[in-house]
Amino acid sequence: MTMATNSTTDHADRQPAGQWRLAEVQVANWGTFHGAIYRIPIARKGHLLTGPSGSGKSSLLDAIAAVLVPDKWLRFNVAAQGAGSRQDQRTIMSYLRGAWSRTVDEREDRIVSAYLRRGATWSGIVLRFDDGTGRSLSLARLFFAKGASTSPSDLADLCVFVRAPVDLADLQPFAMGGLEARKLQEQLRDAVITTGGAHKRFYERIRSAFGFADDTSLHLLHKTQSAKSLDSLDQLFRDFMLD
């Protein structure tokens with residue numbers, strides 16, 4: 001996996017203090033980010049991800065979306081899907097298992113996926129935000145799947161909101177053998193921790209911290225990430241401005 005990151009260095013006068021901006025993305029066992037914790041620092045003045053197809057660009061954007069966007073709106077690799085492709089239907093489970101190819105099983109006449117992680121598996125994402133004045137907050141989401149199951153019903157998840165820097169390595173012990181929300185809460189007493197897909201309090205804290213009026217802002221953020229191409233002003237108005 002080869003991916004380059006570049007940051008801009010101009011327009012320092014346009015960086016208002018007090019505005020929350022993404023400062024770091026951490027992922028583990030997410031797609032082809034396999035076997036280690038990957039930490040990607042994000043420049044406050046602007047950041048560019050570049051790389052060939054398959055290098056992990058969409059996987060990182062999908063990791064951000066998996067934390068920030070309620071599941072009812074979550075669609076992965078939306079830029080490709082919006083272009084009409086049905087060949088890359090990613091899900092949280094496929095990311096957790098590390099699906100990396102889809103082939104035809106001629107004996108069973110069906111499409112099968114190859115996975116990097118087949119046994120009991122954990123996955124984690126941390127988004128760290130800074131406001132430019134020394135304050136930080138972290139948003140995290142952990143996943144666990146038992147056995148070799150690929151069924152969404154066998155996927156457990158946990159969300160964390162805490163007004164402090166958090167490292168994924170510190171969360172790993174509470175996820176790798178199954179999600180231990182109670183023990184994690186004892187470790188992070190000031191954190192908001194939600195489990196089992198019931199994350200209303202988690203998203204309420206996000207909206208409050210970032211000044212979003214309601215969940216629609218999170219939905220529009222997700223849609224903006226997918227705006228790989230806009231063919232007309234009509235499409236811009238229908239798909240973005242009407243909401």
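Trainee: Is Arg-141 buried or exposed, and what is its relative accessible area?

Mentor: Buried means under 20% relative accessible area, exposed means over 50%, and partly exposed lies in between, with a 1.4 Å probe and protein chains only. Arg-141 has a relative accessible area of 1% and is therefore buried. Please note that this is a predicted model: local features need pLDDT of at least 70, side-chain atom pairs count only at pLDDT 80 or more, and totals for chains, interfaces and linings use all residues. Residues are numbered from 1 along each chain as its sequence is written, and side-chain values use heavy atoms, with hydrogens and water left out.

Trainee: What share of the protein counts as buried, and what does its accessible surface come to?

Mentor: The protein has 243 residues, and 37% of them count as buried. Accessible areas come from the Shrake-Rupley method with a 1.4 Å probe; for residues, only the protein chains shown count as cover. The accessible surface comes to about 13,400 Å², and carbon and sulfur atoms account for 50% of that area.

Trainee: How many helices and strands does the secondary structure have?

Mentor: Helices (H or I, at least four residues) and strands (E, at least two) are DSSP runs, numbered from the N terminus. By that rule the protein has eight helices and ten strands.

Trainee: Which residues of H1 are buried?

Mentor: The helix is mostly covered, with nine of its twelve residues buried. Among them are Leu-60, Ile-64, Val-67 and Leu-68, and the buried set also includes Asp-62.

Trainee: How many salt bridges are found, and which side chain meets that of Arg-141?

Mentor: A salt bridge is a side-chain nitrogen of Lys or Arg within 4 Å of a carboxyl oxygen of Asp or Glu. The whole structure holds seven salt bridges. In one of them, the side chain of Arg-141 meets that of Asp-71 at 2.9 Å, N to O. Asp-71 lies in the loop between H1 and helix H2 (78-82), while Arg-141 lies in strand S8 (residues 136-145), so the pair ties together parts that are 70 residues apart in sequence. Asp-71 counts as partly exposed because its relative accessibility is 39%.

Trainee: What is the N to O distance between Arg-135 and Asp-131, and between Lys-183 and Glu-180?

Mentor: The side chains of Arg-135 and Asp-131 form a salt bridge at 2.6 Å. Asp-131 is buried, with a relative accessible area of 0%, whereas Arg-135 is partly exposed at 45%. The salt bridge of Lys-183 with Glu-180 has a distance of 3.4 Å. Lys-183 is partly exposed at 48%, and Glu-180 is partly exposed at 30%.

Trainee: Where does Arg-128 lie, and which residues does it touch?

Mentor: Arg-128 belongs to strand S7 (residues 121-130). At 19% relative accessibility, Arg-128 counts as buried. A polar contact is a pair of N or O atoms within 3.5 Å; within protein, one must be able to donate a hydrogen and the other to accept it, and residues adjacent in sequence count only if both atoms are side-chain atoms. The side chains of Arg-128 and Asp-130 make such a contact at 2.9 Å. Leaving aside residues up to four places away in sequence, Arg-128 touches several residues, including Arg-21, Glu-24, Ser-136 and Pro-165.

Trainee: How many aromatic pairs are there, and which residues form one aromatic cluster?

Mentor: Rings of Phe, Tyr and Trp (its six-membered ring) pair if their centres lie within 6.5 Å; planes under 30 degrees apart count as stacked, over 60 as edge-to-face and the rest as tilted. The count comes to eight aromatic pairs. Phe-33 and Tyr-38 form an edge-to-face pair, at 5.2 Å centre to centre and 75° between the planes. Trp-30, Phe-76, Tyr-95 and Phe-143 form one aromatic cluster.

Technical notes. Contact means heavy atoms within 4.5 Å.
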